[in-house]
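Let's walk through this one together, sheet by sheet, and end up at the ligand. Keep the viewer open as you read.

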Amino acid sequence: MSVVKNVYRPITAEILDVVTETPTIKTFTVGPKEDIGFKAGEFMELTVPGLGEAPFTPSSSPSVKDKIDFTIMNVGKVTDAIHHMDKGATVGVRGPFGAGYPLDAWKGKEILIVGGGVGGAPLRALFLALVERLDDFKRILYCYGAKTPEDLVYKELLMNKWPKLDPKKIEMRVTVDEGDSSWKGNVGVVTTVVKDLGMDLANSIGVVCGPPVMMKFGTFSLVELGFPHNAIYLSMEKNMSCGIGKCGHCMLGEFMVCQDGPVMTYDKVKDKPAIWE
Ligand SMILES: Cc1cc2nc3c(=O)[nH]c(=O)nc-3n(C[C@H](O)[C@H](O)[C@H](O)COP(=O)(O)OP(=O)(O)OC[C@H]3O[C@@H](n4cnc5c(N)ncnc54)[C@H](O)[C@@H]3O)c2cc1C
Ligand code: FES
């Protein structure tokens, strides 16, 4: 007899590690008591017992089954409570929910990733998943921006210190809005490094995730460069509650972002109201 999964029941997960990424962002590695598989781009609801829950996208590789990373910016009630937790504390995890990145459909393509701020979370899961099957893709160009060097998440990965990087197939371009005396890299918003791509746009995919203003101008820059609108993948962050298509909080036109997204192509959402809010 097959067991029907109860989508409302959070699975208990112990916090195994905490990494402070920036003054407002931490990455929590949690160990769920039951296996929870996910695909890059799908999201989960994290529950703080007695307080509430909020949606987050795992930032670790989907191929790691016993642990999941969540990279969380402290913006309010639930996120502040999680930021005050340490190793050994427990949270609840429901999910995964929604639609992630369709990696199989991208075989043979060049992939441009444009991200900023805590939008790096789903992008790290995506990047790690792409790297694990690098032979399937022609090239990955990862452009990431933060306000200052202190605000860069995943510094090791972004600053090319990761030993597995193959410069012929993977290129990282990192930029900050404002440098400091130690910063030797590009200064400017992320769109300033989204140029001279050397990509065959008819055979390329663009992926954008970040704060609303970055999503908007990042997407417009890909449109201007000539990316087909159905080849631009956005990660939509509408307010969510149930995560399973029941409450209607996440409506975007005729779409329910918790089910039809959060990963959606630009051609589907470009005419919907308030897509950048
Ligand atoms: C599919 C999805 C994936 C997400 N992934 C991540 C992630 O990986 N890392 C991360 O740090 N954040 C992520 N978020 C945003 C995160 O869910 C919100 O920051 C969180 O819900 C805020 O909860 P809170 O109780 O701390 O804040 P609240 O006290 O509820 O509110 C604080 C502020 O955050 C805004 N806010 C509240 N809920 C949301 C929401 N669901 N989406 C956007 N803004 C909200 C409010 O308007 C308010 O300005 C994701 C959101 C969605 C929809
Ligand atoms: S979050 Fe409830 S319907 Fe989408």
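Before any pairing talk, one convention: two strands count as paired when DSSP finds at least two bridges between them. Also keep in mind that this is a predicted model. With that settled, look at Val-30, which stands opposite Ile-68 in β5. That pair belongs to a set of 6 bridges that join β2 to β5, the two strands running antiparallel.

Zoom out from there and you get an open sheet of 6 strands, in the order β4-β3-β6-β1-β2-β5, with antiparallel pairing. β4 and β5 sit at the edges with a single partner strand each, so one side of each has no neighbour in the sheet.

If you want a landmark, take Val-18, whose bridge partner in β2 is Phe-28.

Now for β3 (residues 43-48). Here 6 of the 6 residues are buried, so this strand too is largely enclosed by the rest of the structure. Phe-43, Glu-45 and Thr-47 point one way, Met-44, Leu-46 and Val-48 point the other way, and all of them are buried. On one hand, β3 is joined to β6 (residues 90-97) by 4 antiparallel bridges; on the other, β3 pairs with β4 over 5 bridges, again in the antiparallel sense. β3 and β4 make a hairpin with 3 residues between them, and Gly-50 in the turn has a positive phi of about 80°. While you're around β6, check Pro-96, which lies in that strand: the peptide bond from Gly-95 to Pro-96 is cis, with omega near 0°.

On to the other sheet. It is open as well, with 7 strands in the order β10-β9-β8-β7-β11-β12-β15, and its pairing is mixed. The edge strands are β10 (186-187) and β15 (263-265), each pairing on one side only. Inside the sheet, β11 and β12 pair in the parallel sense over 3 bridges, and Gly-206 has Ile-232 as its bridge partner in β12. α4 packs on this sheet and touches β7, β11 and β12, its direction making about 165° with that of β11.

α2 lies across β7, β8, β11 and β12, running at about 155° to β7. This helix (residues 120-132) has 13 residues and reaches 18 Å from its first C-alpha to its last, close to the 18 Å expected at 1.5 Å a residue. Its buried residues include Ala-121, Leu-123, Phe-127 and Leu-130. The buried residues of α2 pack against β5, β7, β8, α3, β11 and β12.

Phe-227 is worth a stop too; it lies in the loop between α4 and β12. What makes Phe-227 count as buried? It has 21 other C-beta atoms within 10 Å, and a residue is buried at 20 or more. Leaving out neighbours within four places in sequence, Phe-227 is in contact with Leu-201, Ser-204, Gly-206, Leu-222 and Ile-232.

Tyr-154, in the loop between β8 and α3, has a phi near 55°, positive although the residue is not glycine. Asp-196, in the loop between β10 and β11, likewise has a positive phi, near 45°. Tyr-154 is buried, with 21 C-beta neighbours inside 10 Å, whereas Asp-196 is exposed, with 7 other C-beta atoms within 10 Å. There is also a cis peptide bond from Gly-261 to Pro-262, with omega near 5°.

Finally, the ligand. Ligand 1 is surrounded by 20 residues, the closest being Ala-54, Gly-76, Val-78, Thr-79 and Ala-121. β4, β5 and α1 are the elements that give two or more residues to this shell. By type, the shell divides into 12 nonpolar, 5 polar and 3 charged residues.

Key. Residues are numbered from 1 along each chain as its sequence is written. Chains are lettered from A and ligands numbered from 1 in the order in which they are written. This is a predicted model: local features need pLDDT of at least 70, side-chain atom pairs count only at pLDDT 80 or more; totals for chains, interfaces and linings use all residues. A residue is near a molecule or strand if its C-beta atom, placed from the backbone, lies within 6 Å of it. Ala, Val, Leu, Ile, Met, Phe, Trp, Tyr, Cys and Pro count as nonpolar, Asp, Glu, Lys and Arg as charged, and the others, Gly among them, as polar. The expected span of a helix is 1.5 Å times one less than its number of residues. A residue is buried if 20 or more other C-beta atoms lie within 10 Å of its own, exposed if 12 or fewer, and partly exposed in between; C-beta atoms are placed from the backbone. Two residues are in contact if their C-beta atoms, placed from the backbone, lie within 7 Å. Axes are lines fitted to C-alpha atoms, for helices over the stretch in contact, and angles run from 0 to 180 degrees between N-to-C directions.
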